[in-house]
Amino acid sequence: MSNLLVFPILIPLCTAVLLVILKEKILLQRIISTVSALFNIAVAIVLVSRIRADGIQTLHLGGWAPPYGIVFVGDMFAALLVLTAAVTSFGILLYSFGSIEAEREKAYYYVLFHFLLVGVYGSFLTGDIFNLFVFFEVLLISSYALISLGGTRLQLRESLKYLLINIVSSTLFVAAVAYLYAATGTLNMAHLSQRVAEAGQGGVLGVIAVLFLIVFSLKAGLFLFFWLPGSYSAPPSAVRSLFGALLTKVGLYAVLRTFTLIFIQDPGVTHTWIAWMAAAAMILGGLGAVAYNDIPRILNYNVIISVGFVAFGLAAANGDALNGAVFYLLHDMLSKGLLFILGGMMITIGGTDRLKDMGGLIKRYPLIGWMFFVLALAIVGIPPFSGFAGKVLLIRGGLDAGMLTLSLIGLGSSFLVLYSLIKIFRLAFWGDEPKGERSRVNLKGAAAVSAALLVLVIVMGTQAEWVYSYVSKAGDVLVHPALYIEAVMKE
C-alpha cells in the first residue's frame, strides 16, 4: 500500500480549508495557492515514477481489505491525468492572478479553485464507484459557485442550464449506483468487474450499464451537449480555462474507466452507442465551431470535438485506439487550458469577444498571435506537435477496428477545427484595427504562463516516443483490465 495516493487530494483540501480564514488577504492566498500547486506537481511526479518502477499502487483506508473498505488506486492512467491536471491547473492559477478581479478573489475564488481540484484528483484516484460519485459532487458544487461568481446576468442565466443538466445527471448517477449495488453487492470497481463478468451483462446489468453511460456522457459533454457552449462562456476567462481543461476530462475518464473495466461483456451495445455519440460530437461540434463568430463559443465547440475524439478511441477499444485516447486526453488538457488562456488574453486586449469588432492585434501583440497560431497547429494535429501522435494512434486504431466512417469523421472534424481556429487568428490578429483609441494592456505575466504551457505542448510532441513509453503503460491497464483487478484484489 502507498500513502502517497492520498496526498493529491489532501493537499488542495487542506489548502482550501486554510484559505477560508484568509478571505481578505489576497496576496497571502496567492502565495499559499502557488506553494500548494507546486507541491502537488511534485507529488504527482513522484507518484508517476513510483508506478513506473513498482506497478499499480493501492491504499486501503482504515486497513479494510477490498472489497469491504474504501480503496484508492493509482495506475499509470490515473497518475498521468493527475500530473497533467496539476500542471495545467498551476498555469491557470498563475493566469488567475492577473485576470480575476479583486472582488471575485475575495469571494472565495481560490477556496473554490482548490475544492474543485479535490474533486478532480479524487475522481481519478478512487477505486470505489460510490466515492467517484462523491468526488464528482465535490467538483460540481465548486463549479456551481465558480460559474456564477460575480453574479452577472449572463452568468446567472447560463448557470441555470449548467445546474439543471448536472442535477439530473447526478440524480441518475446515484440511482445507477444503488441499482448496481443491489445487483452485485459491491461498489469496489475491481470487484464489480469480477461480479459483472460472473453474472453476464444482460438483463438488469445491461440496463444499468446504459444508465452509467448516459450519466458519464452527460457530464463529459458527449451526450446532450447543448448546455456546454453557453455555460462555459459565462464565467471569467480563468474559470473558462479551468472548465475547458479539466471538467469534461473527468467525465471522459469515468467513461473510459467504467467501460474498460466493469461493463466490458457486451460491447456490441455500449460501444456502439459510444461510437454514435462520438460521431455526433465531432460533427455537431465542428459545425458549431465554424458557425459562430465570438471567441468563447468557438473555443467551447472545440471542446466538444475533442470529447468526441476521445470517445472514438473507446468505441474502437483496441490497443492503438486506447493508447491514442490516453495520449490525446493528456494533450487536450494542456492545449485546451492554454487555448482558453490565450482566448481570454485576446478578449482583454481587443475589448470584445466578437471577431468582427477585432483586428490588427498582431501589430501590438505579436507574441500572443504567434503562440495562438502554433497552438492551433498542435490542436489540429500537425506534426511535430502534441496532437499529432494521439490522432495518428486513434485513426490507426479506428481503421484496425473496421471503423472507416468514424475515422473519416475524425479526420474531417480536424479540418473544421483548423478552419475555426485559423478564422480566429485571421480576423483577430490581421486586417485593420477598429477605429478608436486602444490603450496597451500589460499581459507579461499571462504571456509568460502561456509560453511555458506552449513549450510543454511542443515538447510533448517532439518527445512523443518518450511520452508514449508512459502512455502505453496506461493503455495496457485499459486493454487488460485483469492488471487492475489483480493489483486491487491481491491483498
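A residue counts as buried when its relative accessible area is under 20%, as exposed when it is over 50%, and as partly exposed in between (1.4 Å probe, protein chains only). At 33% relative accessibility, Tyr108 therefore falls in the partly exposed class. The model is predicted, so local features need pLDDT of at least 70 and side-chain atom pairs count only at pLDDT 80 or more, while totals for chains, interfaces and linings use all residues. Residues are numbered from 1 along each chain as its sequence is written, and side-chain values use heavy atoms, with hydrogens and water left out.

Back to Tyr108: its phi is near 65 degrees, a positive value in a residue other than glycine. Tyr108 is found in the loop between helix 4 (102-106) and helix 5; helices here are DSSP runs of H or I with at least four residues, numbered from the N terminus. Ala317 also has a positive phi, near 55 degrees, and sits in the loop between helix 13 (295-316) and helix 14 (319-350). With a relative accessible area of 39%, Ala317 is partly exposed. Another loop, between helix 16 (366-380) and helix 17 (386-400), holds Pro384. The peptide bond from Pro383 to Pro384 is cis, with omega near 10 degrees.

UniProt, in an unreviewed entry, places the feature "domain: NADH:quinone oxidoreductase/Mrp antiporter transmembrane" at residues 128-416. Such annotations may be inferred rather than shown by experiment. Over residues 128-416 the chain is 82% helix and 0% strand, and the end C-alpha atoms are 39 Å apart.

Next come the rings. The structure holds 31 aromatic pairs, meaning rings of Phe, Tyr or Trp (its six-membered ring) with centres within 6.5 Å; planes under 30 degrees apart count as stacked, over 60 as edge-to-face and the rest as tilted. One of them joins Phe259 and Phe263, a tilted pair at 5.7 Å centre to centre with 40 degrees between the planes. Phe259 is buried because its relative accessibility is 1%, and Phe263 is buried too, at 0%. Phe425 and Phe429 also make a tilted pair, 5.8 Å centre to centre and 40 degrees between the planes. Both lie in helix 18 (residues 404-429), 4 residues apart, about one turn of the helix, and both are buried. Ring pairs also link Phe130, Phe133, Phe136, Phe173, Phe212, Phe216, Phe259 and Phe263 into a cluster.

Finally, there are the cavities. On a 1 Å grid over the protein atoms alone, a cavity is a set of points where a 1.4 Å probe fits but cannot get out, and lining residues have an atom within 4 Å of a point. Volume is the space filled by probe spheres set on the points, which are joined across faces, edges and corners. The count comes to 4 cavities of 30 Å³ or more. The largest cavity has a volume of about 60 Å³, and its lining includes Phe136, Lys219 and Trp227. Helix 6 gives the most to this lining, with 3 residues. The second largest cavity, about 50 Å³ in volume, has Pro12, His114 and Tyr121 among its lining residues. Helix 5 supplies the largest share of that lining, 4 residues.

Definitions and conventions
Helices (H or I, at least four residues) and strands (E, at least two) are DSSP runs, numbered from the N terminus. On a 1 Å grid over the protein atoms alone, a cavity is a set of points where a 1.4 Å probe fits but cannot get out, and a pocket is an open set with protein on both sides within 12 Å along at least five of seven lines; lining residues have an atom within 4 Å of a point.
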